[in-house]
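New structure on my screen today, and I'm keeping notes as I look things up.

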Amino acid sequence: MSASRAGIAVVGCGYVADFYLNTLEDHPGLTLVGVHDRIAERAVLAAGRHGVRAYEDLPRLLADDRVSIVVNLTNPASHAEVTLAALAAGKHVYSEKPLATHVADGRRIVAEAERRGLLVSCAPANVLGEAFQTLWREIRSGAVGEPRLVYAELDDGAVHLMDYQTWKNSMGSPWPYRDEFAVGCNAEHSAYHLAALTTMFGPVRRVVADHGTLMPDKLPPGEDGPVGPDYVTASLTFGSGVMARLTCSIVAPADRSLTVVGDGGVLRLDNCWDFGSGLTLRAPAGRGHDYLLGARPVDPVRPYAYRKRYAADHRMDFPRGVAELAAAAGERRQPRLSARHALHVLEVTDAMTARHGSTEITSEFAAPEPMTWAR
Ligand SMILES: NC(=O)c1ccc[n+]([C@@H]2O[C@H](COP(=O)([O-])OP(=O)(O)OC[C@H]3O[C@@H](n4cnc5c(N)ncnc54)[C@H](O)[C@@H]3O)[C@@H](O)[C@H]2O)c1
């Protein structure tokens, strides 16, 4: 595959597909060849809007030689099946998170990709964004001294009090609340912080966690269905010695902040979902109770150009991860969002709700590089 241009095809044309397709034009290295959804009308609608082919089924998509990367935007329950089928057809894969719903499937995906010499990347791509890359550069440059403690919040709002049944993307696809509630907030959202923390501090070695389903009746009146955890909190101990407390819910008011406490100061990222998020450094300004009054905003490594066509509450350049995968394939290197890293994140995520209590984590991954513009 050439480093400059990669043919991609999207599987799954639901709510999130819009966020990928609408900003693809910012990535001249990616050419959309076609789309597929098992709900045919969704594929036809997306294909019509973007002037590409709607494949009737997955085998036809996988048989198209112009496609080198399959972008798997299906529901979590389909991730492993679609990713493994794409690998078997010789395609690289960019998958929405989680890599799979079961760790065993995640391991199969990594093994298959490595056996076939193919690349798999997994969302979230927030670690490729300007805000996170700036935070990481500040940590590396010693802005807070030695990092010791992190508080990571991923509360997505009190969803049970909101009119979520009315949320739609620009193609009219509804927010898939039944699936979101069934999968639960941990598998849906914890990866945003886990990817960020493991990028900065390396592998997690111990997880001590608890979780609950605190609003079991949040489906609309008259609707029945499985409801997974809507609250989880974990204390994570990294091999590097850093400890983090991660809280994730769809019960508490929105707070997606990340606070890194070092022996020389404190850095706070306001919103891990926002590539243009504010970042504040508080350095010691004295030894009294006002010792952290020296707060100043940190200039981003480069400004994030927020586009009108991006969804207002998802200020993320979703296809950036796909573009990074395409670049990695062209340069014959591992992508910054590597499959082994995604597997580690999946193992930690799984440990956060698989049991109440402590889990040792042993998996490794190669440390990702900062973006070249953020070195
Ligand atoms: N909803 C969000 O705000 C959001 C944000 C970021 C990431 N994500 C992630 O994106 C992924 C998709 O979420 P969504 O909100 O778009 O869900 P969705 O239900 O709106 O869309 C998923 C689409 O995939 C299709 N699909 C499922 N299995 C398939 C298969 N085997 N073959 C072909 N098509 C198949 C479905 O028909 C559906 O149209 C999930 O992994 C989710 O975690 C969602």
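Before anything else I settled what a polar contact is: a pair of N or O atoms within 3.5 Å; within protein, one must be able to donate a hydrogen and the other to accept it, and residues adjacent in sequence count only if both atoms are side-chain atoms. I'm looking at a predicted model, where local features need pLDDT of at least 70 and side-chain atom pairs count only at pLDDT 80 or more, while totals for chains, interfaces and linings use all residues. Residues are numbered from 1 along each chain as its sequence is written, and side-chain values use heavy atoms, with hydrogens and water left out.

**Ligand**

I began with Arg38: one of its backbone N or O atoms sits 3.1 Å from a nitrogen atom of the ligand. For Asn75, I found a polar side-chain atom 2.7 Å from a ligand oxygen atom. His79 also has a polar side-chain atom by a ligand oxygen, at 3.0 Å. How much of the ligand does the protein cover? I noted 94% of the 820 Å² of accessible area that the ligand has on its own (Shrake-Rupley method, 1.4 Å probe).

Around the ligand I have 27 residues, and Asp37, Arg42, Asn75, Ser78 and Glu188 come nearest (near means a heavy atom within 4 Å). Helix H4 gives the most to this shell, with five residues. I sorted the shell into 11 nonpolar, eight polar and eight charged residues, with Gly counted as polar and Tyr and Cys as nonpolar.

**Parallel sheet**

Next I traced an open sheet of six strands, ordered E3-E2-E1-E4-E5-E6, with parallel pairing. Strands are DSSP runs of E, at least two residues, and helices are runs of H or I, at least four, numbered from the N terminus; two strands pair if DSSP finds at least two bridges between them. Strands E3 (53-54) and E6 (120-122) are the edges. Between E1 (6-11) and E4 (69-72) I found four bridges, and Val10 has Val71 in E4 as its bridge partner.

Helix H9 (320-331) lies across E1, E2, E4, E5 and E6, at about 160° to E5. Contact here means heavy atoms within 4.5 Å, and angles run from 0 to 180 degrees between N-to-C directions of axes fitted to C-alpha atoms, for helices over the stretch in contact.

**Mixed sheet**

I then followed nine strands in an open sheet, E14-E13-E12-E11-E7-E10-E9-E8-E15, with mixed pairing. E11 (258-262) and E12 (265-269) pair antiparallel over five bridges. Helix H6 (130-140) lies across E7, E11, E12 and E13, running at about 170° to E12.
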